[in-house]
Amino acid sequence: MSVNLRSVFAFAKEYHQKKETQKDIQYGTAGFRSHADNLDYVMYRMGVLAALRSRAKGSQAIGVMITASHNPEHDNGVKLIDPLGEMLEQRWEKLATDLVNVPDSELEAQVAKICEDEKIDNNEPAKVFVGMDTRYHSPQLSRAVVNGILALKGTVTEFGIVTTPMLHYFVTCTNTQNAYGVPTEEGYMGKLIAAFKALRGEQLEQGNYRNQLYYDGANGVGSLKMLGFIKKLNGALNVKVFNSNGKINFKCGADFVKTNHRVPEGLPEEAVTSGRCCSVDGDADRVVYYFTDKDGVFHLLDGDRIATLLAGYLKDLIEQCGVELEMGLVQTAYANGASTDYIVNRMKIPVSCTRTGVKHLHHKALEYDVGVYFEANGHGTIIYSDKAKQAIRAASEDVGRTEEQRKTAARLLQIIDLTNETVGDAISDMLLVETVLHAKGWNLDDWLASYTDLPNVLEKVFLADRNVITVTDADRVVVAPEGLQDSINEIVAKYPKGRSFVRPSGTEDIVRVYAEADTRSNAVQLAFEIANLVFDRAGGVGARPVKMEC
C-alpha cells in the first residue's frame, strides 16, 4: 500500500475546501465544536488525522465520534478516541488544531510534517471506527470524515447512530482482542444487561425503592438506545422514555436540567412529583436525577450525588469482602462544597481535584485501585485497576473466606461488568445508580438526605475571545487578566460560605461562572456580580448578564 499525500490536498481542494474567511478553531475539552455549516473541512481533516493516529499507535483502531453532546441542534462537533477508549492524547490535540487551521495550500505539507515528526509509516494499515449522534447534519459530516480516512487509504468501520460511550466501548473491545467485551451494539447491551439482572435478583422492589423510572432522552441518541434496552430488560427495570423525537437538547436533557435547576419540558407532572426521573444529554454520556417534593420544590441529584452514592456503596462492598484496595474520588472545581466535605469527613474517602474535562479526571482516577470520578454535570464513571480486578476475583474464589465475603466479591465483579470504564456513560451510570438505590431500598428522598447541598448557580458570559482569560489551580484561580482574581475574591468575601470561580469554555467563546453560597438568593446575587465583573474586565459582547430568578 502506498499513500500519495498530494491526493489528500487534491481531494480537500475539490470537495472539502477551507474558506479563507473561516476563523481558526481549537481542539477543546472534547474536540472541535461549531455551527454545523462550518465543519465540513474540519471533519475531512480529522478523518486524515485519525488514520495517521492509527498508524502512530501500531495500526490499532481509533474512533471518530461526530457529536456536539449537549450543544443546540444547529451545532455539531468531532473528537478522536484513543486505543483504550481514552480521549485523544493531549500532545495530539495541538496537532489536530494545527492541521485543521492551515490553509488548503499547506495541507499536504502539514500532513507530511506530522508523518515526519511522529515517524509514521504510511505503508502500515490504518483502522478507524466512525459513529455519529442523531443531528440531521451528522450523516453528511460523517461522509467528510470517511473521505479523509480513505484519502490516506485507511480502513473504515461505520457504526452509524450510536451513543458516544458505545463508540468508546467498541474501540476498546477491538484493541483488547475482545477481552473487554464484544465490539458490537448487541455485545454492549448484552454485557450491561446481564450484569444488571444478576445484581437485581428476583425482588424488584424493596424498602422505599420502586421499579419505575422516568427517562428524558434529550431527543437524542440516548432515547433511541434506551428503547432497545427496555425490550431486553424485560421488566427488570420499568423505564418510560420521554423526549425521543423533538429538537435535540431543546428545553430538555441533562445540561438543561443542571443549568436551569428545573424540570425539562415533555415530562408529565406525575413523573416528577411522585416518581424517579433522570435526564441524559444529546449523546448519552451524562446523566442527572431529580424530583419535585410535595411542596413543589425542585431537587437535583447531579454528578456529585452520583459519585458519593456509588463510592459509598463500593467502599462498603470492598470492606465487607476483606480486600485491601486504595480507593479515591476525583472531582472538579464545579463540585458542590458540601459534597466534598461529606466525602472527606463522613465517608473518609480521599478526594482529588483536577481541571474540568473528563480526560483530566480519568487520568487522575487511574492513580487509584478503584477511582471514582464525576463532573457535577453528570459525566463520569469508575475505573478499576488490574490489581483490583485480580484481588476481587481471587476473593470470590477463596475458600478461606466466608460465604458472605465470596458472595460480596462476586457482586463486585458484576458491578465491574456493569461499568463502562472507558468513559462516562449515561446508560451504564443510570443502571449503576438503580442498582445501588435498589440494594439500599432508597427512593430519591432517602438519597437526598445523605447531605445538604450548598445552593449554587452556573452562568455564561459571552466574550469576543475566551482566550483572554487564563486559569490555574484546577481552574479555580484566574491568572489573566491581571487583578481579576483579586476582584473576585473581594466579592466572594461578602457572602457566607461563598465560593466562585470563572473558567473559559473549551469549545465556545464563553466563560462559565460558578457560584455557591449559604442561600439560593446569595448564590444568585454572587453569580450576577461575578458575571458582570467578567463581562467588564474580559471583553464581554452582546447583552450584559442579567440576574437569575431565585
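Modeller: A pocket is an open set of grid points with protein on both sides within 12 Å along at least five of seven lines. In this predicted model, the largest pocket has a volume of about 1,000 Å³.

Colleague: Nice! Which residues are closest to the centre of the largest pocket?

Modeller: Of the 35 lining residues, Leu-84, His-362, Leu-366, Ile-383 and Glu-421 are the closest to its centre. Helix α13 gives the most to the lining, with five residues.

Colleague: How do you know where the largest pocket lies relative to domain 1 and domain 3?

Modeller: Look at who supplies the lining: domain 1 (5-161) and domain 3 (303-422) both give residues to it, so the largest pocket lies between them.

Colleague: Now, why is the contact of Glu-89 with Arg-53 called a salt bridge?

Modeller: The cut-off is 4 Å between a side-chain nitrogen of Lys or Arg and a carboxyl oxygen of Asp or Glu. The closest N and O atoms of Glu-89 and Arg-53 are 3.1 Å apart, so the pair falls within that limit. Arg-91 also meets Glu-89 in a salt bridge, at 3.4 Å from N to O.

Colleague: What makes Arg-53 buried or exposed?

Modeller: Buried means under 20% relative accessible area. Arg-53 has 2%, so Arg-53 is buried.

Colleague: And how do you class Glu-89?

Modeller: Glu-89 has 31% relative accessibility. Exposed would need over 50% and buried under 20%, so Glu-89 counts as partly exposed.

Colleague: Which residues are linked with Glu-89 in a network of salt bridges?

Modeller: Arg-53, Asp-82, Arg-91 and Glu-118 are linked with Glu-89 in that network.

Technical notes:
Residues numbered from 1 in each chain as written. Predicted model: local features only at pLDDT ≥ 70, side-chain atom pairs only at ≥ 80, totals over all residues. Heavy atoms only, no water. 1 Å grid on protein atoms, 1.4 Å probe; cavity = no way out; pocket = protein on both sides within 12 Å on 5 of 7 lines; lining within 4 Å. Points joined across faces, edges and corners; volume = space filled by probe spheres on them. Helix = DSSP H or I, 4+ residues; strand = E, 2+ residues; numbered from the N terminus. Domains from an automatic or database assignment. Buried < 20%, exposed > 50% of the residue type's maximum accessible area, 1.4 Å probe, protein only.
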